[in-house]
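Please open the structure in the viewer and keep the selection tool at hand.

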Amino acid sequence: MQVKTNYESKRVFDYFWEICSIPHGSGDMDRISRYCVEFAQKNKLRYLVDDAKNVVIFKPASKGFERAEPIILQGHLDMVCQKTANSDFDFLNDSLKTYIEGDFIKADATTLGADNGIAVAMIFAILENDSISHPEIQAVLTTDEEIGMLGAAVLDMSCLNAKRMINLDSEEDGIVTVSCAGGADFKITLPINKCSANGTKISIVLSSLLGGHSGIDINKNRYNANLLSGRLLYKLGRKFDFSIISINGGDKTNAIANCCEITLCTQVGDEFAKFANYCLNELSQEIKSAEPSFEFEVEICNSGEFEVLDNKSAQNLIFALSCVPNGIVNMSADIENLVETSLNLGILKTNQSNITMKFALRSNKITALNALIERLECFSKQITAEYETDGMYPPWEYRKNSRLREIYFEAYQDLFGETPKAEAIHAGLECAVFASKIKDIDCIAIGPSLFDVHTVNERASISSIDRTYGLLLEILKKIK
């Protein structure tokens, strides 16, 4: 496949086509890892591969750069596998069907995997080319980033002596990422007792909220259906007696819950349903500017005897949903408009003996993340609930003095005559794992413009890939 671009970046696209031909979804790392090893062998470069299939490739400094500080170039090998509903594509065996449309590379009916295949392709184009000026390169290609940064987490970094690192997993040309959030999953398990109640079953469904990513979209004033349900239950309870049969909302901890379904039992079905509709109409008017597509349905179902939460369990649940912290906790005092600490109640589920509440916690400061965990622990104890923290990963904290960031700005201005932006993100990057393991490491994250990643509409800008590769070469020239 031919790409009209700068000759210098032609090999980047050659390698990307090769990567697209190799199945490399998260959890399926054998073939792509072996491809990286074969690349190192072919180019007579020293390499290491570990049990997690991470690959580290070393290239000595070019002439004149022998005394320059070494640099880590880093990307991840796995991709998110998504396809259209009617596609018969097999991610375990098929090659991606890529095509070019204008300035974009796309894939037919699947994700493209430019996140992070383009990074690997750029690194290989540099490693194979002996005419490029650069310090010693330690290329680190990690596995299973998309399912928890699993490869980076177990990588033995004692083989690396570089104190500077360029991560190539950013997704917007002209922006250098300088900090990212750490995070954890927190689960509250609220024990419940059940009893029997006679009455009319009422189904209430809240749906079609915008939802979104619990890190990137947490500052966009999007409402959480689980929290709205708690608000509704409290208001209904001030006017009517009812029993809760079940409540279920959301399906991913890192997604803002956009739907929730409640089933109740009451002895005043018609009157109760009328008031519930009134409350939800009132709510709809309140949030319509932020949530124009919000929908709700109140349905009167059958009458009979139902298994319900007893009064104490129901009151504990309503208290929890009404008072638990959610959303933005703190904004950063160091970086303008950055959400520093947040949490999201992504999953609410009724089981036979308990109700589980699962949260995604994020913070760009480890002390603030720990404080949020402690706050939820304290909250859980007050409702006599069990709790646990899992999947904790550290933040990559902002470094006020960064020579690598200065070099990036110099190179960008020299090449394009523009001043780029520096930003922190309220989501995770592997820089955080490296920063936690390598003391005083100086990191930046850059990358070309990618759009709709992790979806079947994923596309990569050809001109932006060309620009980013040229920028990367310029940065390497300036590291002495």
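Does tryptophan 17 count as buried or exposed? In this predicted model, tryptophan 17 has a relative accessibility of 15% and therefore counts as buried, since the cut-off for that term is under 20%.

The structure holds 18 aromatic pairs. Phenylalanine 13 and tryptophan 17 form a tilted one, with 6.5 Å from centre to centre and 40° between the planes.

For another aromatic pair, select phenylalanine 89 and phenylalanine 91. Here the arrangement is edge-to-face: the ring centres lie 4.8 Å apart, and the angle between the planes is 70°. Phenylalanine 89 and phenylalanine 91 are both buried.

Then select Phe240, Phe242, Phe272, Phe275 and Tyr278 together; these residues form one aromatic cluster.

The remaining stops concern charges over rings. Select arginine 467 with phenylalanine 416: the charged end of arginine 467 sits over the ring of phenylalanine 416, at 4.1 Å from the ring's centre. Finally, select lysine 480 with phenylalanine 65. Lysine 480 is placed over the face of phenylalanine 65, and the distance to the ring centre is 4.7 Å.

Definitions and conventions
Residues numbered from 1 in each chain as written. Predicted model: local features only at pLDDT ≥ 70, side-chain atom pairs only at ≥ 80, totals over all residues. Heavy atoms only, no water. Phe/Tyr/Trp six-rings, centres within 6.5 Å; stacked < 30°, edge-to-face > 60°. Buried < 20%, exposed > 50% of the residue type's maximum accessible area, 1.4 Å probe, protein only. Lys NZ or Arg CZ within 6 Å of the ring centre and 35° of its normal.
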